[in-house]
Structures are given as C-alpha cells and as structure tokens.
Amino acid sequence: MDWLEEKVEKFRLWLQNLSLCRALTMYLALAITAAALVSYVTQNVLTDWSVMIYRQYGADLPNAWRAIEGADQERLICLQKCMVILPFCYVSMAVLAAAVLFWHKRLKKPFSILQASARAIREHDLDFRVAYDSRDEMGELCRSFEDMRMEMVCGKEEMWRLIEEQRRINAAFAHDLRTPLTVLRGYSDFLYRYIPEGKVSMEKMTATLKLMSEHIRRLESYSYTMKGIRSFEELAVQKEEMDICRLAGRMEEMTEALNRIGDVEISFHFVIRESEGKGLREFGASENDKDLKARIDENMILEVVENLVSNAIRYARRQVELMLEVDAKEEMLYLTVSDDGMGFTEEEREKAVLPYFHGNAPGAEEKNTHFGIGLYISQILSRKHGGTLSLANRMEGGALVSVSFSYRES
C-alpha cells in the first residue's frame, strides 16, 4: 500500500506541475477515453437488447422488422436512436466534466490567491504572501506577483526610510541652529548693552563683529550642506589643516558668549596629553604647544561641541565644564562635556543616542522644544571623523559625555 500511495503521490505531483496546455490536453484525453469506453459498453448493451427483441419473433434478422409490431417496434426505434445520440452525449458530458475538473484542480486556487492579493494591494495592505506550490504557468504568475509585492514592500520601506531620514535632517537643522543663534544673540546683546555706555572699545567691537561674521558664514555653509543631502550618511568630512589653538579659541569664544546670556556657568579647559604616560597639562606650558596643527573638519567638530554644550545646559544646575584634550602622539582630539545635573539613568545611557529620545529634562516647556536628536547627530559626526562617543556619570554627580576625533591621514 505504501508503494502504491507513493506512486499515486508522484503521479499527482507530476500532473500538478504539468503546463496548463499539457494538463488540459491530458484532462480532455482522459475524458474522451472514458466517454468512448462508456459508449462502447452502451452500444453493446443496446445491441444485445435489440437482438433479444428480434429473437422473440423467431424470424431472420433481415426480415424480422416486418414481423415486429406495437411496443417492441417503438423500443427498437428508441434503441437505435440511443445508439446514435448517447455517444455524443457522453463525449459532451466528459468534456464538460474535464473542464470543470481542470478549473477546480488547476485554476481556481491560483485565481483566488491572485484576487485576494490584488484586493489587499488595492487596500494598501502588503502584509501577505503569494504562495502557490506549482511549476506551471499559474505558479510562475503567482511567483511573479510575489516578486512584485516584495518590490512594492521594499519601495515603501525605502520611501518611509527617506521620509524618516528627511525628518531627522529637518530636526537636526532646527536643532543645530539654536546654539549658534544663541551665541549670536549673546554677542548682539553685549554690543547693544555696552556700546551706548561707551564701555566697548573700537578694537573690541571690531573683534566681536568679526566673530559674529564668522558664525554667520558657518551657518550659511551649514545650511547649504544640509540643503544638498538626503541623509546623514551623505555628510562628507572635509578636513583642512589648521592650528588646534584656533579651534580651542572658537570653543572659548562660544562659552563666553553663552555665559553672557545664561544662568549656567560654562568653563573651558584646553589640555595636552603628555607623550609619555597619561598625564595632562594645560595648553601653553610648552613653547611647542602653539605649533600644534591637525587636519580636521572644524565645522563638524564645532557642531558636535554645540550639540553637547546645549544638552549639558539643559540638564545642569549651575555649572558645565568643557574640555578639549590633544594627544599629538595618537593624533586624536578628545572632547568632554560634563554638568552637575542628575546624570544619566541606565535607560538613558542605553537609549540617549537614539533619535528623538527625550530624557528627564526639567520643565514641560523644555521637553516640548527638545528634539532629542543632539546626541544622535554627535555620534554620527564623531564616527565620520574617525572617533567615538560614550556616555557616563561623574563620581561627584552629573553627566559626562566623551567624544573623540581622529586627525590621522587617511
């Protein structure tokens, strides 16, 4: 029995995988063969019946018809008509049965699958699978339909990815404008307050206006860059050789401007890591310090600084510390920003670098204006600059964010 069942199953699979044309031909051939057999049996039965009627009258068959009368004659006429008509009826019924069987066995299921799939696509539902296990034309059509559905899914996922990436870029653009604008407001408030009182010398006013002009040029460059990209992955690092003390000066100017308009005190330290050992010393203790140069993307590093400082101000109680550390031997810049706030919770340390994550910033208004994207942007930029970003808590309390930047020749 197992052998027979195996053979039957193999024949069923072979028949299922036949092309539609061959399958239809086989269905019709089997149906016509069955009709022919039934017709043959019917013809024999009707012929035997006719012979029995003839023999009742005891005459020779050629002359028997004259002797037959009444109901037997009508029976013979009916039997002769059946011999002619029934074969055509059998063939017609067999062809019809073959067509119905062909529809149910080979067409109904794939058509139902395709109709349901088309209805789901029309309703914008792509969470289904077009599965029809056959190697015939309908199976190929279902597989093509499934490939089309997968392409539509990939296209929709790509569209949502681009929309989400554009949303992040828009949020980043709005987020990154806040600190430079705050710095510019600090400079303008300083000039507006002290110029009428005559407390600002021409030299100081010229220097302040120059700093404001540099910030505006950087904002113009940043807005032009953000306009031309579709994702953060397209941001390119544009390294140029410059004095590290110039970078430190820009950071110090930013902290001074923020100190003029904020309640949180921001301190800045610029230190050098010794070539031997792990000791640190303040910049300027050696004559060679002023000759430190590096190939860096200044705008990218300053953008990270602004993001971290603005985050620290949001969480700090009274004080924020910003430190730039140079390791000339390893050709690395290390940036640390710390505050005296509540520090990171375990959840924040794991999720703070995710886009749109909101920590426990004090004040409902602050939460509404906080994009939750600063650390995410800083991590991407630091990686592009060959570094990393890490989060920790200070021993004395408060958060500590460390970022590294490589200025090695790539």
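This is a predicted model: local features need pLDDT of at least 70, side-chain atom pairs count only at pLDDT 80 or more; totals for chains, interfaces and linings use all residues.
Which helix holds both glutamate 347 and lysine 351? Select helix H9 (residues 346-351) and you'll find the two of them there, four residues apart, about one turn of the helix.

Residues are numbered from 1 along each chain as its sequence is written, and side-chain values use heavy atoms, with hydrogens and water left out.

Stay with the charges. The structure holds eight salt bridges. Pick Arg246, Arg250 and Glu298 together: shared partners link them into one network.

Next, select aspartate 243 and lysine 293, whose salt bridge has its closest N and O atoms 2.4 Å apart. Aspartate 243 is in strand S1 (residues 240-243) and lysine 293 in strand S4 (residues 293-296), so this pair ties together parts that are 50 residues apart in sequence. Aspartate 243 is partly exposed at 26% relative accessibility. (Buried is under 20% relative accessible area, exposed over 50%, and partly exposed in between, with a 1.4 Å probe and protein chains only.)

Now go inside. Show Leu247, Met251, Leu322, Leu324, Leu333 and Leu335, the residues with the most contacts inside the largest nonpolar core, which has 58 residues. (Such a core is a set of buried Ala, Val, Leu, Ile, Met, Phe, Trp, Tyr and Cys residues joined through side-chain atoms within 4.5 Å.) Colour helix H8 (residues 298-315) as well: it gives this core its largest share, eight residues.

Centre on leucine 324. Leaving aside neighbours within four places in sequence, its contacts (heavy atoms within 4.5 Å) include Ile244, Phe268, Phe270, Val271 and Tyr334. Then jump to Leu107, Leu114, Ile121 and Tyr132, which are among the 22 residues of a second, separate core.

Last stop: helix H5 (residues 137-194). Glutamate 140 and arginine 143 are three residues apart there, about one helical turn, and their side chains meet in a salt bridge (2.9 Å, N to O). Arginine 143 is partly exposed, with a relative accessible area of 33%.

How values were computed: Helices (H or I, at least four residues) and strands (E, at least two) are DSSP runs, numbered from the N terminus. A salt bridge is a side-chain nitrogen of Lys or Arg within 4 Å of a carboxyl oxygen of Asp or Glu.
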